[in-house]
Amino acid sequence: MEIQLWREILDPYALAVEELVVKFNHMITEFRNAGEYSPIEQVNGRVKSISSILEKTQKKKIDLEDFENYLDDIAGIRIICQFVEDIDKVVELVRDRNDMEVVSEKDYISNAKASGYRSYHMIVNYTVYTYKGPKALKAEIQIRTLAMNFLATIEHSLQYKYKDNMPEHVRKRLLKSAQAIVVLDDEMSKVRGEIMDAQNSFKRKANVVADILTNIQNLYKVANKREVVKIQDEFFRIYQMDDLSQLERFNKELDMISEGYRAQSLY
């Protein structure tokens with residue numbers, strides 16, 4: 001294969017990664033705008049590097065001219081969840097989409113690898129539209145928890161360093177760490193309700209504070225400055241109480257004041 005063709009071949013995969021990351025990030029936004037918990041916490045993606053493609057084709061004895069037909073992970077998307085329970089929900093979300101077709105699935109969570117690696121892998125068919133027309137390609141979607149992702153990142157670095165010759169003492173420590181990750185995810189699942197309540201409370205408070213500050217900023221344009229200063233001081237006093245219900249009450253009162261000024265402006 002001619003070297004100058006690499007970019008031309010990989011560009012559609014870069015486009016696929018960009019589009020898929022945008023779509024899954026938008027899904028997070030949709031959940032949160034609806035006031036619902038998002039099973040997706042983070043999304044990122046990458047196109048396999050040329051050196052990784054060369055290494056994998058050599059290892060698997062694949063003709064370099066045919067690597068697109070044999071490598072399913074040239075385009076890779078990684079979806080990070082907070083809890084193990086969220087992974088099943090994300091898998092269903094992917095299965096239900098009509099802009100991608102699930103080709104295969106591998107559950108390394110129920111059936112962890114010998115190293116202790118755990119993740120859920122899905123290969124999907126996805127079509128991008130380039131200036132040359134549509135191109136159907138495959139992309140790999142990896143779904144895992146924050147804790148699983150930490151271990152997978154460390155393992156990947158060690159595998160890259162040692163290839164297939166990882167020292168036994170390092171292998172044992174990696175497996176021990178993987179077992180600790182299982183315990184950690186299990187413990188987080190047990191307090192999932194409390195964690196979600198705390199996060200929802202934080203988000204509610206952040207949204208209420210944002211609304212209040214927007215109202216105060218708008219009032220500076222139409223109300224008596226002395227009155228607005230009093231409102232601002234009252235906000236700081238209530239905020240220091242760290243009482244969400246009081247903040248919400250104050251926000252409703254401020255909405256009524258702002259609405260009154262808006263009505264006056266109409267006349």
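Biologist: How many salt bridges does a search of the whole structure find?
Modeller: The search finds 18, a salt bridge being a side-chain nitrogen of Lys or Arg within 4 Å of a carboxyl oxygen of Asp or Glu. This is a predicted model, in which local features need pLDDT of at least 70 and side-chain atom pairs count only at pLDDT 80 or more, while totals for chains, interfaces and linings use all residues. Residues are numbered from 1 along each chain as its sequence is written, and side-chain values use heavy atoms, with hydrogens and water left out.

Biologist: Which residue forms a salt bridge with Asp 99?
Modeller: Lys 23 does, with the closest N and O atoms 2.9 Å apart. Asp 99 lies in the loop between H4 and strand S3 (101-107) and Lys 23 in helix H1, so the pair ties together parts 76 residues apart in sequence. Helices (H or I, at least four residues) and strands (E, at least two) are DSSP runs, numbered from the N terminus. Lys 23, Arg 97 and Asp 99 are also linked in a network of salt bridges.

Biologist: And Asp 73 with Lys 48: buried or exposed?
Modeller: Both residues are buried; buried means under 20% relative accessible area, exposed over 50% and partly exposed in between (1.4 Å probe, protein chains only). Their side chains meet in a salt bridge of 3.1 Å, N to O.

Biologist: Turning to helix H8, how far apart in it are Glu 234 and Arg 237?
Modeller: They are three residues apart, about one turn of the helix (residues 225-241). Glu 234 forms a salt bridge with Arg 237, at 2.7 Å between the closest N and O atoms.
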